[in-house]
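Hi everyone, thanks for coming. Please take a look at the picture on the screen, and then we'll walk through it together.

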Amino acid sequence: MKEKPIKVLLVEDDPESMDLVEQMLATIKEREVLSSPATSLSAALGMIKTGGFDAIISDLGLPGSDGLEAFAALHAQAPKIPVIILTAINNTSLALQAVRQGAQDYLIKS
């Protein structure tokens, strides 16, 4: 019996970063990963309402939000879905704060 795919909400406003993350997810061989892109926080929040996501990968610098506001809104909307922050903001204090607030991980784009 084939396992169901992992559904990932990918919240990223930069098309190049979006493409790179989708390419990385496509290399996973153990299980199929289906990604759904959202280019703004408001779009992501609307998509969460339709449900079915197993994980969220999100940038912090999004149109309509900045810093941990994006994470806080996503986490509040879907507290049981793991949120992984993938951002260009290399700030140890911010990373620790995000993890303390419930982020599954804080990864730096490079």
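Predicted model: local features only at pLDDT ≥ 70, side-chain atom pairs only at ≥ 80, totals over all residues.

Residues are numbered from 1 along each chain as its sequence is written, and side-chain values use heavy atoms, with hydrogens and water left out.

Now the overall layout. The protein has four helices and five strands; these are DSSP runs numbered from the N terminus, with helices being H or I of at least four residues and strands being E of at least two. Starting at the N terminus, the order is β-α-β-α-β-α-β-α-β. The radius of gyration is 13 Å, close to the 13 Å that the globule rule gives for 110 residues, so the protein is as compact as a globular protein of that length. That radius is taken over C-alpha atoms, and the rule is 2.2 Å times the number of residues to the power 0.38. Of the 110 residues, 36% are buried.

Back to Ile81, which sits in the loop between helix 3 and strand 4. Leaving aside neighbours within four places in sequence, Ile81 is in contact with Phe53, Asp54, Ala55 and Ile56, where contact means heavy atoms within 4.5 Å. Ala78 is in the loop between helix 3 and strand 4 as well, and Ala78 is buried, with a relative accessible area of 7%.

So what lies inside? In soluble globular proteins, nonpolar side chains tend to be buried together. A nonpolar core is a set of buried Ala, Val, Leu, Ile, Met, Phe, Trp, Tyr and Cys residues joined through side-chain atoms within 4.5 Å. The largest one here has 23 residues, and those with the most contacts inside it are Leu9, Ile56, Leu60, Leu68, Phe71, Ile85 and Tyr106. Strand 1 (6–11), helix 2, helix 3, strand 4 (83–87) and helix 4 (92–100) each supply at least two of its residues. Helix 3 gives the most, with four. Apart from this core lies another of nine residues, including Val8, Met18, Leu25 and Ile57.

Next, find helix 2 (residues 41–50) and helix 3 (residues 68–77): they pack at an angle of about 10°, with their axes 10 Å apart. That makes the two helices roughly parallel. Leu41, Ala44, Leu45, Ile48 and Lys49 of helix 2 make the contact with Ala70, Ala73, Leu74 and Gln77 of helix 3.

Glu12 is buried, with a relative accessible area of 3%. Not counting residues up to four places away in sequence, Glu12 touches Ser17, Met18, Ala38, Thr39, Asp59, Leu62 and Lys109. Glu12 and Gly61 are 49 residues apart in sequence, and their C-alpha atoms are 8.3 Å apart in space.

Methods. Axes fitted to C-alpha atoms, helices over the stretch in contact; angles between N-to-C directions. Parallel < 35°, antiparallel > 145°, perpendicular 65-115°, else oblique. Buried < 20%, exposed > 50% of the residue type's maximum accessible area, 1.4 Å probe, protein only.
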